[in-house]
Amino acid sequence: MASTQTSGPPGTASQTAAITGLDSLELGVVSTGRGPGRLARKAWTATWPKLLAIGLALVAWQLFYLSNFHGDTAAGLVKGPGAGLADLWDQMQHAQLWQAIGTTAQTAVTGYLLALVIGSVIGAIVSRIPPLRAATGSIISGLQTMPSIAWFPFAIILFGTSVSAILFVMVLGAAPSIANGLITGVDYTPPLLLRAGRTMGLRGIALYRHLILPASLPAYLAGLKQGWAFAWRSLMAGQLLVIIVGQLSLGILLNNAQDNQDLTGAISIMIVILIIGIVVDAIFSKTDLAVRRRRGLLTEAQSA
Amino acid sequence: MNVLQRNGGPRDPNALLNGHRPGESVPGTGGTKGTGGTKGTGAAISLTEVSKVYGRGPGAVRAVDRLSLTVGDGEFVCLVGASGCGKSTLLSIVAGLDMPTAGQVDTGGRRVAIMFQEPALFPWLTARRNVELALRALKVAKDERRRRAIQLLEAVHLRDFADKRPHELSGGMRQRVALARALAQNADVLLMDEPFGALDAMTRDLLHDELERICSERSLTVLFVTHNVREAARLGDRVVLLSSRPGRVIEEYDVPRTGPRRIDSASVADLASTVTDRLREEMSRHG
């Protein structure tokens, strides 16, 4: 017994050999394909769906242009994708568009971070206190179903036509989703893991930090992603409704296009809005995928 | 020595909260309370007239009924019974996860670790970090945690897989990580709730050898619940047969230690058939 620890794993030689042999049999052969070929294939798998989506959008635009739906094609008010994109390229050379994107992005980040903090704090508190959980659960779900645009009259009366009104509605739209994500995660922490954690002696804050929070991460991430979608929509609605004089934003540019009956201009700004949405969504999806891969929650197809 | 360092005196500060009563005198435990680790000097677990009733009124279910059982220091006791004998309830009570409705549970302040049928590993942590978390709960310093976790994984032949996550391991390997994690809790008493129930026969056979070796190296007291009579006869120093609904001890079989046993040894088969006959008799009572 005393000598078992000095060299290699303990146990009799035949027993050790049997168990390590079985281990390698059970794990099977894992292909560790590496190299440039694999990287290129990965990059291609990631990009082709997006390229196809862009192609489909351009085809739709072209069809709309050819249909002469508004009767303005001849008048030159509507342009095809080629001329329209050239216009957008042209706008990208001017500071105006970038200034608008900057303002919008800044409001988006501020509003989302506010919602993140408020939603997380509410979620953490509510999930810890059962009576509060019972009382507020339905309110939080109810808030989620409320269209954010319905909040604007209230917000404008309260804050006036200011960024605060927009931020207020963004937080109201996003925070419930974020709180709900965290609460769901805590609710669905596997009871078996809780039992295991308790027998290990994890209690109170330690139990929360080492077990409940990591276990809730996937649901929390889902909440963050949904919260972003609500925040982004509220922001767009807000910038169209709450016109702040002297501040250029994507909403203002859209409004201007509407006022000028500039269909092509509207489409250009919409493309910019769409691209921002897709990029942020891709970041959330990547994070979600990484978390699920670490935990072995991916199917064969997803992990390919 | 492969045995982790053991401290003297009662070590479980939560003993009272958990329903253990270290100060209480239970016949048979004598003066051994709190001196865990010295094999063969008394009882590691004493259950006295323990009952557990779920619910109230006419709908109440009596899972365990006035059950008394003593497990000696360093003894390996297997609990066998059909469904509804309250095996798992009993383990939860001994582990302090559940309170008995009546009766007394005494583990003499010994540290108790529990293993379930599922490995219950944390999927976001590697094998090593899973083991380290148990050490962290004991407030072991960081460098020491890492060193000890590797040492424990080596004891279950998984050193090379220390940085794999649970989903990258096979069922048998996961259960060995769970065993390493249970050992990390520095416990004198290991409670096992059908730990190999979900594994194939070959893996189970190898894990029986592993468990036997580790338990004797560390002088662990084991209370092992299973519905597999052969497994009980293979592993136990004593096999305790429980009745169903409510759970009570109906028979105990001492297993003489006569050299190494295997699942296909004649002595194991003989004992298993004796126990199975008695178990069938008990089951037909409920027909």
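In this predicted model, strand S1 (residues 43-54) of chain B runs antiparallel to S2(B), and eight bridges join the two strands. One point of this pairing is B:Lys52, whose bridge partner in S2(B) is B:Val64.

Both strands belong to an open sheet of three strands in chain B, with the order S2-S1-S4 and antiparallel pairing. Strand S2 (61-72) and strand S4 (102-106) of chain B stand at the edges; each has a single partner strand, so one side of each is left without a neighbour in the sheet. From one strand to the next, the twist averages 15°. In general, strands of a sheet pair through backbone hydrogen bonds, in either a parallel or an antiparallel manner.

A helix accompanies this sheet. Helix H1 (residues 87-95) of chain B lies across S1, S2 and S4 of chain B and runs at about 120° to S1(B).

Chain B also meets chain A: 34 residues of chain B are in contact with 32 residues of chain A. The elements of chain B that give two or more residues to the side touching chain A are listed below.

| Element of chain B | Residues |
|---|---|
| Strand S5 | 112-115 |
| Helix H2 | 127-137 |
| Helix H3 | 142-155 |
| Helix H4 | 171-184 |
| Helix H5 | 201-218 |

H5(B) provides the largest share of the side of chain B that touches chain A, namely seven residues. By class, that side of chain B has 18 nonpolar, seven polar and nine charged residues.

Conventions:
Residues numbered from 1 in each chain as written. Chains lettered and ligands numbered in written order. Predicted model: local features only at pLDDT ≥ 70, side-chain atom pairs only at ≥ 80, totals over all residues. Pairing = 2+ DSSP bridges. Helix = DSSP H or I, 4+ residues; strand = E, 2+ residues; numbered from the N terminus. Axes fitted to C-alpha atoms, helices over the stretch in contact; angles between N-to-C directions. Contact = placed C-beta atoms within 7 Å. Nonpolar A, V, L, I, M, F, W, Y, C, P; charged D, E, K, R; others polar.
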